[in-house]
Amino acid sequence: MKKYNIVICGGGSTYTLPMVKTLLDNTEKFPISNITLFDTDESKQQKIYQAAQVMAAPIGVDIAQSYQLAETFSGADFVFMQIRSGGLEMRELDEKIPLAHDCVGQETCGAGGFAYGMRSVVDVVDIVKAVRGQAPEAWIINYSNPAAIVAEATNRVFPNDRKIINLCDMPIAILDGFAEALGTERQKLTPRYFGLNHFGWFTHLYDEQGNDLLPGIKQRLTEGNMMPEELKEDSDWVKTFEQLSKMATDLKGHIPNTYLQYYLYPEYIVSKSDKNYTRANAVMDNRLQAVQDQCDFIIENNTIEGSGLERGVHGTYIVELATALAMNEKKEFIMIVPNTGIIPNFSYGAMVEVPCVVSKNGAEPIHVGEIDTFYKGLMESQYAYEKLTVDAILNRDYDAALKALTLNRTVVNVDTAKSILDAFNTQMQFNLK
Ligand SMILES: NC(=O)c1ccc[n+]([C@@H]2O[C@H](COP(=O)([O-])OP(=O)(O)OC[C@H]3O[C@@H](n4cnc5c(N)ncnc54)[C@H](O)[C@@H]3O)[C@@H](O)[C@H]2O)c1
Ligand SMILES: O=P(O)(O)OC[C@H]1O[C@H](O[C@H]2[C@H](O)[C@@H](O)[C@@H](O)O[C@@H]2CO)[C@H](O)[C@@H](O)[C@@H]1O
Ligand SMILES: [Mn+2]
């Protein structure tokens, strides 16, 4: 059987080791020859590389590392991307600048997501160009955020490239929570879902007999929290899943993605935020440190036994998807793809997040049908924000940026949008004209 070559861009990511573990645990279904880690920051990737080597040695998979785009991708079959342009240091600014103006300060939503997009799109486009120069047929599966903006940009810059796939693990993490509460496995459930990235809704959830379990889940959400085991130790995620229960209780209809909390209750979110200590600070103090300690342990002991390294939903989902592409499995995955009429009353060409059937020929989105006024209204406005944001990024266009932020439900006011943009322009050198 063919053995596949994988490149992980953002090899120094906090998600790389669990992803490598998932790849190595899955080689019977998805054989691997080589995993190359690519990053721009040696201080982040070196230890991850050494720990990955320890893990891969007994399985006979080669681990390589690279710090330059040239030659990294030749021979690659799959490129997984999880870069964080500007690092957690810039994420901190993305969050704190909007908060200083009493707007939501978040990694991917609102003004913070806009600022992150300004950096991320540039780097992702450069990497995709390098991949296509060296491995024209490789599947590129992108997790790098803000995935909504990155997806709109890659679809625009590489319009005919159906082998670029944008992905998010949030709907899957939510489903894991539902599955655990129901005492089943996520893989036995078939969701129906539509929206934009970090801006969507579950409409149905079928069990293996075809029964829709979503009405029961909605009822259970009104009675309490349903969150995945994996996130229960993290107090920020506990609060987020409490908000999911609130959203499901407040509004009749579909069950929202957790990220809608930022758009539906922006004042509340700001009131609960610490302007001096945001999620970026928590990630630096906790996850980043934990990954460093884990690497030290693995390298020192030459084994992952006792290190606490576990697979997570992030790595699991991308490896399941790559396996489906490689093995022509025709399984369903929620992915970010162009609206080719599957939502007939929504903007054609918009990058929508919907279930797709995945085979070796790529993703075939499943028809959604017309969506109701409330969802359509929210999505059209958010999509307009996404389009204008990509205009602003690709053309360094201040006017497009100002209109984009004005359309965003977490900003709204033109004066506020202007103040935030001017702060971004000064503190982050965006050179918007
Ligand atoms: N789509 C999703 O649902 C999803 C889920 C989780 C994380 N993510 C994203 O995955 C990324 C990684 O998250 P993290 O918390 O592990 O971040 P991190 O900062 O720990 O790791 C990111 C790595 O990317 C590297 N990097 C930055 N710019 C690069 C470039 N141009 N080329 C190559 N490498 C580069 C950094 O040096 C760093 O090692 C982020 O974009 C995050 O938002 C997405
Ligand atoms: O604040 P962070 O960096 O901890 O997380 C932000 C990301 O949150 C989502 O991903 C979750 C995922 O849903 C969860 O199951 C687990 O794997 O953790 C991930 C990160 O904490 C979201 O989908 C991403 O887009 C965000 O980057
Ligand atoms: Mn996501």
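1. The model is predicted. Over residues 193–411 the chain is 49% helix and 16% strand.

2. The range is taken from a record: UniProt, in an unreviewed entry, places the feature "domain: Glycosyl hydrolase family 4 C-terminal" at residues 193–411.

3. Ligand 1 has 28 residues around it, and those that come nearest are Gly-10, Gly-12, Ser-13, Asp-41 and Asn-145. Two elements, helix 2 (42–56) and helix 3 (87–100), each give two or more residues to this shell. By class, the shell around ligand 1 holds twelve polar, ten nonpolar and six charged residues.

4. Helix 2 also packs against helix 1 (residues 16–25). Two packed helices are described by the angle between their axes and the distance between the axes. For helix 1 and helix 2 the angle is about 20° and the axes are 10 Å apart. Angles under 35 degrees count as roughly parallel, and helix 1 and helix 2 are therefore roughly parallel to each other. Their crossing is right-handed.

5. Which residues make the contact between helix 1 and helix 2? From helix 1 they are Thr-16, Leu-17, Val-20, Lys-21 and Leu-24. Helix 2 supplies Ile-48, Ala-51, Ala-52, Met-55 and Ala-56. Sorted by class, the contact of helix 1 with helix 2 has eight nonpolar residues, one polar and one charged.

Conventions:
Residues numbered from 1 in each chain as written. Chains lettered and ligands numbered in written order. Predicted model: local features only at pLDDT ≥ 70, side-chain atom pairs only at ≥ 80, totals over all residues. Near = placed C-beta within 6 Å. Helix = DSSP H or I, 4+ residues; strand = E, 2+ residues; numbered from the N terminus. Nonpolar A, V, L, I, M, F, W, Y, C, P; charged D, E, K, R; others polar. Axes fitted to C-alpha atoms, helices over the stretch in contact; angles between N-to-C directions. Parallel < 35°, antiparallel > 145°, perpendicular 65-115°, else oblique. Left-handed = near helix turned anticlockwise from the far one by under 90°. Contact = placed C-beta atoms within 7 Å. UniProt positions renumbered as here; feature names shortened; annotations may be inferred.
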